[in-house]
Amino acid sequence: MEAEKAKILLVEDDTNLGQVLKNYLELHDYIVELCRDGILGLAAFRREKFDLCLLDVMMPNMDGFTLAEEIRNADPDVPLFFLSARSMKEDVINGYKLGADDYISKPFDSEVLLLKIKAILKRNQEIQEKNPSQIEFEFGKFKFNSKLRILSIDDKQYTLSPKENALLQMLCEFKNDLLPRDQALKRIWGSDTYFNGRSMDVYIAKLRKYLSDDETVSIVNIHGNGFRLLVQGES
């Protein structure tokens, strides 16, 4: 059976670049929806499901950073690349803080972009298809089902995003022991780059917020090495 084509949302206000990139990606067997500004891009994202988003930063009506915030609020894990002529360090850092998987400065090599797209889509597919041997965990007052991506305590229930789920699963597997930072990055993000590390820190902060419901449970940062899911009274 033929594999389903991945669908990409491309939001780019440069008419020539947008059309050339759309044609190039379609030539390589992707379905591409091209939008000319952030508002149209957000409407398309809310209307359809995409496997990856490519966003220009400087656009009329709604800039790429604002659009990325809206996309991340709706889907914390859809792969997201910025394509931007703004290459100052502050802009790049802001892009990663907003949850970007990559920040690509213009002008860029289309072949390199294509390889980055293929790599992240392949990695996401492998994460989704992975069938861990243990799917149910209990720690402190919490119950966690990694197959359903549900974390529950008393009458509260949280549905985790795929990356939150994968990270909590690894923490549970290493409960009260050190989860090496580079091991988590390579398994979930595919590489232990600086910017992937910053992204992981954001997800650790999200997990800490969920786990604050039980004061006996905490995620401890072991500086330079990794994290421990520390559960008082449990070995």
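**View 1. Arg181, Ala184, Leu185 and Trp189 of helix α7 meet Asn196, Gly197, Ser199, Met200, Asp201 and Tyr203 of helix α8.** Contact means heavy atoms within 4.5 Å. By class, this contact has 5 nonpolar, 3 polar and 2 charged residues. Ala, Val, Leu, Ile, Met, Phe, Trp, Tyr, Cys and Pro count as nonpolar, Asp, Glu, Lys and Arg as charged, and the others, Gly among them, as polar. The model is predicted: local features need pLDDT of at least 70, side-chain atom pairs count only at pLDDT 80 or more, and totals for chains, interfaces and linings use all residues. Residues are numbered from 1 along each chain as its sequence is written, and side-chain values use heavy atoms, with hydrogens and water left out.

The axes of α7 (residues 181–189) and α8 come within 10 Å and cross at roughly 95°. The two helices are therefore roughly perpendicular to each other. Axes are lines fitted to C-alpha atoms, for helices over the stretch in contact, and angles run from 0 to 180 degrees between N-to-C directions. Angles under 35 degrees count as roughly parallel, over 145 as roughly antiparallel, 65 to 115 as roughly perpendicular and the rest as oblique. Helices (H or I, at least four residues) and strands (E, at least two) are DSSP runs, numbered from the N terminus.

**View 2. Asparagine 196 is buried in helix α8.** Helix α8 spans residues 194–211. The relative accessible area of asparagine 196 is 10%. Buried means under 20% relative accessible area, exposed over 50%, and partly exposed in between (1.4 Å probe, protein chains only). Asparagine 196 touches Leu185, Trp189 and Ser191, leaving aside its neighbours within four places in sequence.

**View 3. Helices α2 and α3 pack at an angle of about 10°.** Helix α2 covers residues 38–47, and helix α3 covers residues 64–74. Their axes are 10 Å apart. The pair is therefore roughly parallel. From α2, the contact takes in Gly38, Gly41, Leu42, Phe45 and Arg46. From α3 come Leu67, Glu70, Ile71 and Ala74. The residues of this contact divide into 5 nonpolar, 2 polar and 2 charged.

**View 4. An open sheet of 5 strands has parallel pairing.** The strand order is β2-β1-β3-β4-β5. Edge strands β2 (31–35) and β5 (102–105) each have a single partner strand, so one side of each is left without a neighbour in the sheet. The twist averages 20° from one strand to the next. Two strands pair if DSSP finds at least two bridges between them. Strands of a sheet pair through backbone hydrogen bonds, either parallel or antiparallel.

View 5. Strand β1 (residues 7–11) runs parallel to β2, and 5 bridges join them. Here leucine 9 stands opposite glutamate 33 in β2. Of the 5 residues of β2, 4 are buried, so β2 is largely enclosed by the rest of the structure. Strand β3 (residues 52–56) pairs with strand β4 (residues 80–84) in the parallel sense over 4 bridges. Leucine 54 faces phenylalanine 81 in β4.

**View 6. An open sheet of 4 strands has antiparallel pairing.** The order is β6-β7-β8-β9. At the edges stand β6 (136–139) and β9 (156–159), each with a single partner strand, so one side of each has no neighbour in the sheet. Neighbouring strands are turned by 15° against each other on average, direction ignored. Strand β8 (residues 150–153) and β9 pair in the antiparallel sense over 4 bridges. Isoleucine 153 stands opposite lysine 156 in β9.

**View 7. Cysteines in a structure with 0 disulfides.** A disulfide here is a pair of cysteine sulfur atoms within 2.5 Å. The sulfur of cysteine 53 is 9.9 Å from the closest cysteine sulfur, in cysteine 35, which is too far for a bond. Cysteine 53 counts as buried, at 0% relative accessibility. Cysteine 172 also counts as buried, at 10%.

**View 8. Glutamine 232 is exposed in the segment after β12.** Strand β12 covers 226–231. The relative accessibility of glutamine 232 is 57%. Leaving aside neighbours within four places in sequence, glutamine 232 is in contact with Glu215 and Thr216. Histidine 28 lies 204 residues away along the chain, and 52 Å separates its C-alpha atom from that of glutamine 232.
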